[in-house]
Amino acid sequence: MEKEEKIIGAAFPVPKPLLKRILEEGKDVFVKPATLTRLKPGMKIIFYASREDQGFYGEADIESIELFENPIKILEKYKDRIFLTEKEFKEYIKTSERWRTRGKRPKPWMAVVLKNIKKYPKVVKPKRFIAVSGKYVKEREYEEILKRLK
């Protein structure tokens with residue numbers, strides 16, 4: 001019986017202009033509706049440029065993850081550590097509301113505090129497109145990414 005491959009983290013798409021804020025400008029709080037709920041501190045987040053110049057641009061370790069029923073509370077707690085400006089974040093909250101299925105409780109939001117942020121020396125093209133919700137990254141895929149950086 002093959003043993004289940006371990007999840008080492010997740011890949012999330014971020015518009016390329018915003019990636020710079022995380023990978024180069026020291027913004028260390030990544031926020032989004034909580035889609036991948038098996039993430040834990042110590043795992044990795046791999047940043048994927050969505051839209052233009054798609055690919056993996058860098059990674060960070062997850063220091064902590066906090067779920068918020070009310071995303072505005074994230075803004076109050078983390079302020080300018082968030083990779084979005086206050087205006088962008090409020091806009092993001094608005095656009096995310098419309099994905100909610102009728103009658104269901106709103107999905108919580110997650111604030112992921114990052115550490116050991118590093119930009120890759122080159123862009124690694126993923127084998128498959130990465131959806132807005134993100135995707136779990138397993139050991140083998142991560143090793144593949146690292147190999148392609150050499």
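I take the expected span of a helix as 1.5 Å times one less than its number of residues. Helices (H or I, at least four residues) and strands (E, at least two) are DSSP runs, numbered from the N terminus.

I am working on a predicted model, where local features need pLDDT of at least 70, side-chain atom pairs count only at pLDDT 80 or more, and totals for chains, interfaces and linings use all residues. Residues are numbered from 1 along each chain as its sequence is written, and side-chain values use heavy atoms, with hydrogens and water left out.

**Helix 3.** I looked up helix 3, residues 86-97. Its 12 residues reach 17 Å from first C-alpha to last, close to the 16 Å expected. I then listed its buried residues (under 20% relative accessible area; exposed is over 50%, partly exposed in between; 1.4 Å probe, protein chains only). They are Phe89, Ile93 and Ser96. Down the axis of helix 3 these fall within an arc of 70 degrees, so they line one face. The arc is that of the directions from the helix axis to the C-beta atoms. An α-helix has 3.6 residues a turn, so residues three or four places apart point the same way. On the face turned away from the buried side I found exposed Lys87 and Lys94. The buried residues of helix 3 pack against strand 2 (29-33), helix 2 (72-78) and strand 5 (109-124).

**Aromatic rings.** I searched the whole structure and got 6 aromatic pairs. Rings of Phe, Tyr and Trp (its six-membered ring) pair if their centres lie within 6.5 Å; planes under 30 degrees apart are stacked, over 60 edge-to-face, the rest tilted. Phe12 and Phe30 make a tilted pair, 5.4 Å centre to centre with 40 degrees between the planes. Phe12 is in strand 1 (residues 7-15) and Phe30 in strand 2, so this pair ties together parts 18 residues apart in sequence. Both Phe12 and Phe30 are buried. Phe30 also pairs edge-to-face with Phe47, at 5.5 Å and 75 degrees. Phe47 lies in strand 3 (residues 44-50), so that pair joins parts 17 residues apart in sequence. Relative accessible area is 2% for Phe30 and 0% for Phe47. Phe12, Phe30, Phe47 and Phe83 form one aromatic cluster.

**Glu59.** I found Glu59 in strand 4 (residues 55-68). Glu59 is buried, at 1% relative accessible area. Leaving aside neighbours within four places in sequence, its contacts include Lys44, Phe47, Lys118 and Tyr142. Contact here means heavy atoms within 4.5 Å.
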